[in-house]
Amino acid sequence: MELTNLQPGIEVDSFHVGEKIHEGGMAVLYRVERQGGEFPMLMKVPRMEFGSHPSCYVGFEVEQMILGKLTGMHVPRWVASGTFEDTPYLVMEYVEGRSLHEYADHAPLPADQAAHLVAALATAVHDLHRQEVIHLDIKPANVLYRAGGEVVLVDFGLARHFHWPDLVEEAFHKPVGSSAYISPEQIIGNRDNPRSDLFAIGVILYQLCTGRLPFGEPTSLSGFRLRLFLDPLPPRHWVPDLPAWMQEIILHCLEVDAENRYATAAQLAFDLAHPDQVPLTERATRLKRSGLSSIIRRWWQSLRTEQRKHEVPTTHLAQAPQILVALDPGVGQEALLRAILAAVRRAAAADDNCRIMCVTVLEPDISTDQETGHELVNSLYTQRLVELHHWAAELQLPQYRLRFHVLEGANAATVLLDYARQNHVDQIIMGARGRSGLRRILGSVSARVVAEARCTVTVVHAPSA
Amino acid sequence: MKVAVLSDIHSNLEALHACLAHARSKGAEQYVFLGDLLGYGADPKACLEIIAPMVSAGALAVMGNHDEAVLGGFCENLAFAARDAIYWTREQLGQPERDFLKTLPMVSRKDNAFYVHASAVAPERWTYIDNVVTAAKCMKASGSQLTFVGHVHHQTLYYTAGGGAAQVFIPVAGVEIPVTQHRQWLAIVGSVGQQRDGSPPAAYLLHDQHRESLTYFRVPYDYLSAAGKIRAAGLPERFALRLEKGS
């Protein structure tokens, strides 16, 4: 059966074929239905005819392997695959939603909108990395948005699963990827760095904010290699009023040396969701490329770069955890605060790339008097923030590893749990406090956080006298 | 159907018990023994008392070089210490055990799988598959989609790439690896009874035919007892040490 040219109404295995929705160089997509199917489905048929690009074969094989293994809302649900020889096809969930490609058509977008769109993308990429997979072909067309705003990543034909043979690498022995979005390390044949996906996200952010591609779409290998030493024109060159935090984030993602990029997609997602927390460096206001001397230095390095082996994604993520420290500063609990400080110091020493999020929760409704109440809350807010900074200063960590938040909410446990979930927190460190009568009645915050958090929770006790 | 593939048991009863129990808990319904049931270890008879009835009941088993050596000859191709173990093993076995060993074929095939102790290329020569060239030759000779071998004690996965060349992959224990249909795959399943990679746990492989996947396992077992029996039997000390150190 010629699968790339099916007529609507035909049956393939148990699937009822509907309209053809896409016909590309690599694959053809159809809507399909099946008896008892619970969600919309599509069938992807690779082009296998004579003269097809060999990557069609390998891409199909890799996608079949990896998609069948991935779980969660950020990938299309996998349904079935046909046999390779007779009926090569994949059936998966059809995600009804806009692709980032459609948004990119309207670039430049306001920075806030771009940040919102890409934060969801970074969240999806983080989820992928947690499952030992690097996508390696992140581009707007492969990013779909569900109705709720969550991103679904599609097209895993170039992806890499760290616990399986890399069929793509052995098939090509040359850089594969989309020329506009491919990272420098992929160009020199390195397919084992999760931060390659962060580079692609940086290109997308640049594109959304400026309407231009930072490296164009080169077609030759020498064109590809330019990005190994020539950094892009800063986004503010094109959009002078682009917020400094956005340029900071974009250029942080586009660092040539992967080690200088964000450590994890979770950190990137956090910064996009909290622009006011982004520490600004020289990157933020740059208007020109690097000087000639650093370009020459990078060019020289690019000629002699050795491939570095990277750890598997989850090992890498484990070295860059997001640690939430919940504390109540300045309430006369010095011994407990010192104990928490010691616990955080140990965690920070163990993992070089960890992020410490210092958080305190402010209870609302301080006063019923509208006018003065508002002011009071504002000054309390500032006071708490100052206290958090003061407490954290003793950690002696660089600014980029720290974030501070004063959260508001009547129920501290609920507020902390929500914050931890939204910000991909890997560990919560908090104090065990109080044997007061009130706590006995209401139950302690830490007990509820321990019970309900979906990450590790460390409850710190002050040393007893 | 899930098939447990076990190789190079080398008379290690504790390791065999542990791997069989592990495989059962993982849902194995069929068993294949890739040879070298004997040699090195102190429990040849007890191991065969487990394996021979399984073979009568439908499990597959092929001949290994140590099994062949036990049946006779001067064992020229074995190291001196290994020969000592073979001579000792000969004394432990009776006629029924020797009769069982004589029935072992050099290779076995079932469905899309090919089983051999050393290599599908001239199995009687006991070639070691320790690089992509010998692996490619072995896959070509077997002609099957899946070839399972032992002999080399390191768990390794080879597979064909474009142009007939082979690629090598070092599997991660406990991770299921899908094996796609239009390539050939060569799995070196590792050794149940004697490790050489610095880590004592026993090794075997589970082939899930329905899901078309392979999972390499490492199973902890009581290697101190197995080593103690080797010393008590007066077998070479280095074989006991090897179990304790895994190398």
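Okay, let's start on chain A: Leu292(A), Ile296(A), Trp299(A), Trp300(A) and Leu303(A) make a nonpolar surface patch of about 560 Å². Patch here means residues with over 30% relative accessible area and no salt bridge, with nonpolar side chains (Val, Leu, Ile, Met, Phe, Trp, Tyr) joined within 5 Å; the areas are Shrake-Rupley with a 1.4 Å probe, and for residues only the protein chains shown count as cover. Leu303(A) sits in helix α11 of chain A, residues 292-303, helices being DSSP runs of H or I, at least four residues, and strands runs of E, at least two, numbered from the N terminus.

Quick caveats. This is a predicted model, where local features need pLDDT of at least 70 and side-chain atom pairs count only at pLDDT 80 or more, while totals for chains, interfaces and linings use all residues. Side-chain values use heavy atoms, without hydrogens and water.

Now the interface. Chain B puts in 16 residues and chain A 14 residues, with contact meaning heavy atoms within 4.5 Å. Together they bury about 1,300 Å², 62% of it on carbon and sulfur atoms; that's accessible area (1.4 Å probe) lost on being put together, summed over both parts.

On the side of chain B that touches chain A, β7 (156-160), β8 (166-169) and β9 (176-178) of chain B each supply at least two residues. The largest share, 3 residues, comes from β9(B).

Key: Residues numbered from 1 in each chain as written. Chains lettered and ligands numbered in written order. Buried area = accessible area lost by both parts, 1.4 Å probe. Patch = residues over 30% accessible without salt bridge, like charges linked within 9 Å, V, L, I, M, F, W, Y side chains within 5 Å. Salt bridge = Lys/Arg side-chain N within 4 Å of Asp/Glu carboxyl O.
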